[in-house]
Amino acid sequence: MTDTPTTGSTAAAVEPAEGDEPQIAYPRTEWDDYEIIPPTTSLSNEKLTMWTFLGSDCLLFGALISTYLLLRNRQPLSGEGSLKAADLFDIPFTSVSSFVLLMSSLTMVLAVSAIARGEMERCKLWLLTTAAQGAVFIAGQVYEFTSFYREGLGFTVSISSSAFYTLTGFHGVHVSLGIIMLVTLWAMINRGIIGPERAETVEIIGLYWHFVDIVWIVIFAVVYLIP
Amino acid sequence: MAIVTDRPDSADSPDGSGPGTELEVAEPDSHGDDSPRTGVFARPTHATGWREWLFTVDHKKIGIMYGALALFWFLIGGLEIGLVRLQLWAPDGEVISADFYNQLFTMHGVTMVFLVIMPLANAFANYLVPLQIGARDVAFPRMNALGLWIFFFGGIFLNLSWFLGGGADGGWFAYAPNTGMTFSPGHGMDFYALGLQIAGIASLLGAINLLVTIINMRCPGMSLLRMPVFTWMILVVQFLLVFALPVITVALILLTFDRTFDANFFNVDAGADPLLWQHLFWIFGHPEVYILILPAFGVVSETLPVFSRKPLFGYPIVVLSGAAIGFMGWGVWAHHMFTSGMGPVSVAAFSATTMFIAVPTGVKILNWIATMWAGKVRFTVPMMFSVSLVAMFTIGGLSGVMHAIAPADTQQTDTYFIVAHFHYVLVGGALMGMFAGMYYWWPKAFGYHLNDRLGRWHFWLMLLGFNVTFGPMHIVGLQGMARRHSVYGEFDGFEFWNKIATIGYFLMLIAMVILAVNIFRTWGRYRRGLEPGAGADPWDGRTLEWAIPSPVPEHNFDYVPVVSDVDDFWHKKYQPDETGKLRRIAYGNDIAQIGDQHPHLPSPSYWPIVLAMGMPLIGFGLIYNLWIAGIGLLLLVGSMFGWTLEPATDPDAGHGHGHDGYGDHDDDHGGGNHDDSPDGQDDGNGVLTASTANGEAAGD
């Protein structure tokens, strides 16, 4: 182990021929400084982060949905059959709240498009509308959970109820976090922290919001509609 | 060149002072007094001493802290298994109780996997990936710090179980009905489930961050197939982490809900399926195996060419094999479950895929051997560890192929043969690779070499002790000694080999003591000026990290490197002459960057460590009292907002001297997104996305 490398036969030692002091290997170039290097891909770091996170979240919901599908019709080994979540579904009610959630994707798009054009007031309006629609969906879920509970389907009652509440509850948590982010965005735009130059921030939150909606389409189809 | 003063977030910073006024105040020396109040705290500006480490967002300091923590947990995990080896010294051992024995081997496995090898790989990845791709830092420096501190608190949380009623006792893979309240009534499994959850959040944050860094922040000319193999393997590992962690997250959530809220997921009376946990765990668990080994593969793919003085044999093949392992790693998980009764079709399918995955692994081993073949091999300490990885991992890999044959596996499962197998791949493979990396990059990180003679002692004792410990386990395993049993009988015939294995354990323990002595002694000698500095390029290296001074200056590169080849730095030192023969044209130490520039860097921040503190509080709350969880949640949400409102780079620190790069080493970092980058992305980077990602992680 030496400080200066010894030379092998493949590379006979020749001192750098000309010049008094050796050139550094990586001098200043036309790239000049890190300030001007664009991202290697066409996506910004923030957006790529959100896409990666959403990819990861797919697996989270994938595992939860698989768990529900495995367990939804399980019955106790002995005794009489226990209550299942599917026995209590109110499809028309859930359809309406699902519709509200899906429409919120439209207003989210309008918010993104508004800030891209620099119309901050309009963007704020659409952000609040989106958040409000999310809140309606969450209210619907709270109502659904309460009525199921009143009809005897507690979290611990059966294996199917545990799986149902966990899956839909996790989706509800995702929607709630989305609402918090939307309201925070609204407040930050309101106080001028986010201006038109940060339109991408709204777009990224929009990605998350659309993802949560798409997941709900899957959950609604798989859990509620397919018997 | 960006003129940092006109950044929108500095003009509109929430402290309310008008745009422009504060920008003039910010002379290079004026920070400290007028540091802006963003949120609750004044921003740490010129932190020194321990504060410098606590609030840093520098990827190099974070990497070093990951490494130090990993070595600490390595000591704990190693001592835990020492008691197990003492218990097995003689038949009918009475050193420890069966219950304590269960806790020891469980916590040993959990500690070594989640608190030692993963963070060790993370240490190298954090330190080296930005250097190898020619970047100034990772994509989100504060998120990087957050990952470290969550991991820090997660490890402590997990191990606090020792003092609060005993450690987890269900084995590291914690098969579920067995780890439910009925069979594991103590709090150990709660700490396991929540502690791994916390560590998982840390890993996920780090994985997303590194993935974005590698994909998006490579220097000009660094196409994917010019990336160093280590960075490549880290990229593959981050993909595996991003997609594997949510699955264990779900499994641990189900277990926690069962234990804490009386859910029925693993309640067999209610109709549960015990295979659910096994599938969920191993869908995570098998990619996890590659998460543990691929970084070590990356390390030796760097060291073997350097110390053989040859380029890596078949660079694209090695890279593609690594990626292939990453893909195929998703299709083999059920080979951990051959005896669970899942049916002949599944067993046959997973048996076949498991044999297939040996192919890319074997390709790599052949490439490494071909790299050394006819090279001018220098047997330095990192080289010795690297060569031992190739040899030892091959042994472990071969016994792995034996397990792929389902009928044979049925005989071997739950015996010490399995224990021998995975210790050969994880100690002989992953850990040897990590040691190689330690000796190899130590001069880069600290500016001096670890002592060579002590390093050789460390290596030989480690190699000897390792084989003496785990070699005999093949034999007793095939003789039928079951793992996880705290005693064996006097006439079972296992005594001799168990005594040998215990002796081997103490050889390895001595090796580790030598490593510790080496680290502290050399450090002390260096501080007293008795150790020579290593120079920028002590090993005649091939990748970009050797083109900058050792230890690496805070800003990494003076100027953005522009590369045009694999092993670009090596080509700056060697060029073919008229006859086509390669000749040295320069020495690395002479042509390395000098490190005399002082560009803007990301500012330190309190929020990562404050936010991370919320995590263990939530954990305690779920175990003991939900009010504590409420406090933790408040801390979490509050610091998320503080984080969001704090610009990633302190707008007040050292403005207006951006162009010639003579700022006062505080401000702006050169991430991938700047005012005038083509997509018009503004700065204030990381703020929102980081906070949303954290919000999610917390919600999960």
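**Exercise 1. A helix span**

What span should the 17 residues of helix 20 (residues 607-623) of chain B have at 1.5 Å a residue, and how far apart are its end C-alpha atoms?

*Solution.* Keep in mind that this is a predicted model. Begin with the expectation: at 1.5 Å a residue, helix 20 of chain B should span 24 Å. Next, look at the ends, where the C-alpha atoms lie 26 Å apart, which agrees.

**Exercise 2. Another helix and its partner**

Repeat the span check for helix 13 (residues 381-404) of chain B, then describe how helix 13 packs with helix 15 (residues 416-446) of chain B.

*Solution.* Step one: the 24 residues of helix 13 should span 34 Å at 1.5 Å a residue. The end C-alpha atoms are 34 Å apart, in agreement with that expectation.

Step two: helix 13 of chain B is mostly covered, with 17 of its 24 residues buried.

Step three is the packing. Two packed helices are described by the angle between their axes and the distance between the axes. For helix 13 and helix 15 of chain B, the angle is about 160° and the axes are 8 Å apart. Angles over 145 degrees count as roughly antiparallel, and therefore helix 13 of chain B is roughly antiparallel to helix 15 of chain B. The crossing of helix 13 past helix 15 in chain B is left-handed.

**Exercise 3. Two residues of one helix**

Classify A:Leu225 and A:Val202 as buried or exposed, and place each of them in the chain A fold.

*Solution.* Start with location. A:Leu225 sits in helix 5 (residues 199-225) of chain A, and A:Val202 also belongs to helix 5 of chain A.

Now count neighbours. A:Leu225 has 11 other C-beta atoms within 10 Å, so this residue is exposed. A:Val202 has 24 C-beta neighbours inside 10 Å and therefore counts as buried.

Then ask what A:Val202 touches. Not counting residues up to four places away in sequence, its contacts are A:Ala111, A:Val112, A:Ile115, A:Cys123 and A:Leu185.

Close with C-alpha to C-alpha distances. A:Leu225 and A:Asn190 are 35 residues apart in sequence and 41 Å apart in space. For A:Val202 and A:Arg28, the figures are 174 residues and 37 Å.

**Exercise 4. The nonpolar core**

Which residues touch the most other members of the largest nonpolar core, and which helix gives the largest share of this core?

*Solution.* The largest nonpolar core holds 267 residues, and those touching the most other members are A:Leu185, B:Ile117, B:Ile150 and B:Ala251. Helix 9 (residues 229-261) of chain B supplies the largest share of this core, 23 residues. Take B:Ala251 as an example: leaving aside neighbours within four places in sequence, B:Ala251 is in contact with B:Trp277, B:Leu280 and B:Phe281.

**Exercise 5. The two chains**

Note on methods
Residues are numbered from 1 along each chain as its sequence is written. Chains are lettered from A and ligands numbered from 1 in the order in which they are written. This is a predicted model: local features need pLDDT of at least 70, side-chain atom pairs count only at pLDDT 80 or more; totals for chains, interfaces and linings use all residues. Helices (H or I, at least four residues) and strands (E, at least two) are DSSP runs, numbered from the N terminus. The expected span of a helix is 1.5 Å times one less than its number of residues. A residue is buried if 20 or more other C-beta atoms lie within 10 Å of its own, exposed if 12 or fewer, and partly exposed in between; C-beta atoms are placed from the backbone. A nonpolar core is a set of buried Ala, Val, Leu, Ile, Met, Phe, Trp, Tyr and Cys residues joined through C-beta atoms within 7 Å. Two residues are in contact if their C-beta atoms, placed from the backbone, lie within 7 Å. Axes are lines fitted to C-alpha atoms, for helices over the stretch in contact, and angles run from 0 to 180 degrees between N-to-C directions. Angles under 35 degrees count as roughly parallel, over 145 as roughly antiparallel, 65 to 115 as roughly perpendicular and the rest as oblique. A crossing is left-handed if the near helix is turned anticlockwise from the far one by less than a right angle, and right-handed if clockwise.
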